Amino acid sequence: MSSANIIEQAKRSAAFAAVDKHVDSTVRVLGVGSGSTVVYAAERLVQLKNEGKLNPDLLCVPTSFQSKQLIVDAGLRAADLDDSLPVLDPESGDFASIDVTIDGADEVDSELNAIKGGGGAHLREKLVANASRKLVLIADSRKNSETLGTKWDKGIPVEVSPLAWRTIKRQLERMVPLSRAHGSAKAQSAAFGFEHPQAVLRQAVRKAGPVVTDNGNFILDVGVGSIYDPLAVEQLIKMVPGVVEVGIFSGMAMEAWFGNEDGSIVCREPQSLK
């Protein structure tokens, strides 16, 4: 088996294991993430649907155009985050939470902080994750890391307004590594490795010009080196006017599943909970 096929099998194993644990007939609302590993989660959902093991009223909330297509192609019902979720209390009209969201990741550290947005969908991914009772990440073992920025070297995906992307780029490149996260235990330590960040406008493939997100924005990939304080870096970037969303997911995931090349599967919780 080629190395590429081994990696795809690892993704498939992680996705199947996570779906089997977290999706059953009691799940009414499911968040469906984006990326190559989520394709295998959708494959497993189709199998469970055909076996009659899913809730017949299951609604799936997509995080991108890609995941909406996966949901529709699987014969499942897609629901927008705001408009179509079932109400928890018919009298108050309060929306129910998403029971669980299963999503991919570009890198996951020992505390399950994650870099996401390699596929450009991190704004919607974060909105759906924040509305979920549980966020479960799935990936192959290449994404399993102790510290963010050590394996994923393409930079932090940052969705920005096209109106001022050059100005935003300059401001991001002037960030200093000193951590200033509110309430951070590392308030006076380096939040990231590089002395000066490097921001690059993401270019499209098979299309002239930059990548345009599902929301009509641009993406800057911001290299900062190793990320020692993910929350601080997320907050520093979010403080720059014109930044729409940052591809750092700090303290959001409860569980991460990694498929290994030898066929085994590793399930991790945040190290601090052990």
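Trainee: How much space lies in the largest pocket?

Mentor: Rolling a probe the size of a water molecule over the atoms shows where empty space is left. On a 1 Å grid over the protein atoms alone, a pocket is an open set of points where a 1.4 Å probe fits, with protein on both sides within 12 Å along at least five of seven lines. Its volume is the space filled by probe spheres set on the points, which are joined across faces, edges and corners. Here the largest pocket holds about 430 Å³. The model is predicted, with local features needing pLDDT of at least 70 and side-chain atom pairs pLDDT 80 or more, while totals for chains, interfaces and linings use all residues. Residues are numbered from 1 along each chain as its sequence is written, and side-chain values use heavy atoms, with hydrogens and water left out.

Trainee: Which residues lie nearest the centre of the largest pocket?

Mentor: Lining residues have an atom within 4 Å of a point. There are 25 of them in the largest pocket, and S34, G35, G118, G119 and G120 lie nearest its centre.

Trainee: What supplies the lining of the second largest pocket?

Mentor: Helices (H or I, at least four residues) and strands (E, at least two) are DSSP runs, numbered from the N terminus. For this pocket, β2 (59–62), α3 (65–73) and α4 (122–130) each supply at least two lining residues. The largest share, four residues, comes from α4. The second largest pocket has about 270 Å³ of space and is lined by 15 residues, with P62, T63, D80, L81 and R124 nearest its centre.

Trainee: Is D103 buried or exposed?

Mentor: Buried means under 20% relative accessible area, exposed over 50%, and partly exposed in between (1.4 Å probe, protein chains only). D103 is in strand β6 (residues 100–104). D103 counts as buried because its relative accessibility is 1%. Contact means heavy atoms within 4.5 Å. Leaving aside neighbours within four places in sequence, D103 is in contact with several residues, among them S34, K116 and E125.

Trainee: Where is S161?

Mentor: S161 is in the loop between β10 (156–160) and α5 (165–173). S161 is buried because its relative accessible area is 19%. Neighbours within four places in sequence aside, S161 touches I168, N217, G242 and V244 by the contact rule.
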